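The structure is shown first.

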Amino acid sequence: MNNSDLFVCIDHVGYAVPNLDDAIKLHCEVFGWRVLHRETNEEQGVEEAMLGTGDQHSENAQIQLLAPLNPASTIAKWLERNGGRGGVQQVAYRVHDIDAVSATLRERGVTLLYDEPKIGTGGSRIQFAHPKSTGGILLEIVEPAQGAAH
Ligand code: V0V
């Protein structure tokens, strides 16, 4: 796999937020984003919203607001470590083939969190690289669901 085959674009930037409705209000009313999608992901312990720009093209990055579903959630832990304030929790790179990209990253020494991809937003397949092997950033890789808008 060539380096140019790895990533398609930045799919989204994930913000940890203490309260989803308050965060939606801020990002939509003040910053002018709009809600494209909302869902709850029990396995990941999050309630989330995806935000887009007025004219959302397929490779425009989205903003993902992530609120904890329960105290065991990785988002709850992140907020606790950051004094209860929100902030950038992750950056997600889009890929066409998450299995091939995961294999290449592993070969290159990147620590991936899951043996196999898990289910993310809108039925996508997701995997994460541990911040300790990416220079301090929680990196998600995401293969959108077949037929998804993006
Ligand atoms: C922890 N660390 C981070 C970090 N979280 N550094 C940068 N960005 C983050 N988000 C650092 C932390 O400061 C420590 O550094 C070290 O990592 C601790 O690592 P640890 O003991 O392994 O772990 P935890 O318990 O803090 O967990 C960190 C990981 C966890 C990354 C393992 O957050 C995780 O499993 N994340 C993947 C799942 C996830 O984030 N789900 C929510 C989004 P020092 O102090 O040791 O230097 S769900 C989602 O995105 C969906 C559904 C989607 O997009 O479709």
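The sections below describe the basis of the model and then its salt bridges.

## Basis of the model

The model is predicted, so local features need pLDDT of at least 70 and side-chain atom pairs count only at pLDDT 80 or more, whereas totals for chains, interfaces and linings use all residues. Residues are numbered from 1 along each chain as its sequence is written, and side-chain values use heavy atoms, with hydrogens and water left out.

## A buried pair

The structure contains seven salt bridges, each defined as a side-chain nitrogen of Lys or Arg within 4 Å of a carboxyl oxygen of Asp or Glu. One of them joins Asp-11 and Arg-94, with an N to O distance of 2.8 Å. This pair links distant parts of the chain, 83 residues apart: Asp-11 belongs to strand 1 (residues 9-16) and Arg-94 to strand 5 (residues 87-94). Helices (H or I, at least four residues) and strands (E, at least two) are DSSP runs, numbered from the N terminus.

Asp-11 and Arg-94 are both buried. Buried means under 20% relative accessible area, exposed over 50%, and partly exposed in between (1.4 Å probe, protein chains only).

## Partly exposed pairs

Asp-99 and Arg-125 form a salt bridge at 3.1 Å, N to O. Asp-99 lies in helix 3 (residues 98-107) and Arg-125 in strand 7 (residues 125-129), so the bridge ties together parts 26 residues apart in sequence. Asp-99 is partly exposed at 38% relative accessible area, and Arg-125 is partly exposed at 26%.

Salt bridges with shared partners join Asp-21, Arg-38 and Glu-47 into one network. Within the Arg-38 and Asp-21 bridge, the closest N and O atoms are 3.2 Å apart. Arg-38, in strand 2 (residues 34-41), and Asp-21, in helix 1 (residues 20-30), are 17 residues apart. Arg-38 is partly exposed, at 42% relative accessible area, as is Asp-21, at 48%.
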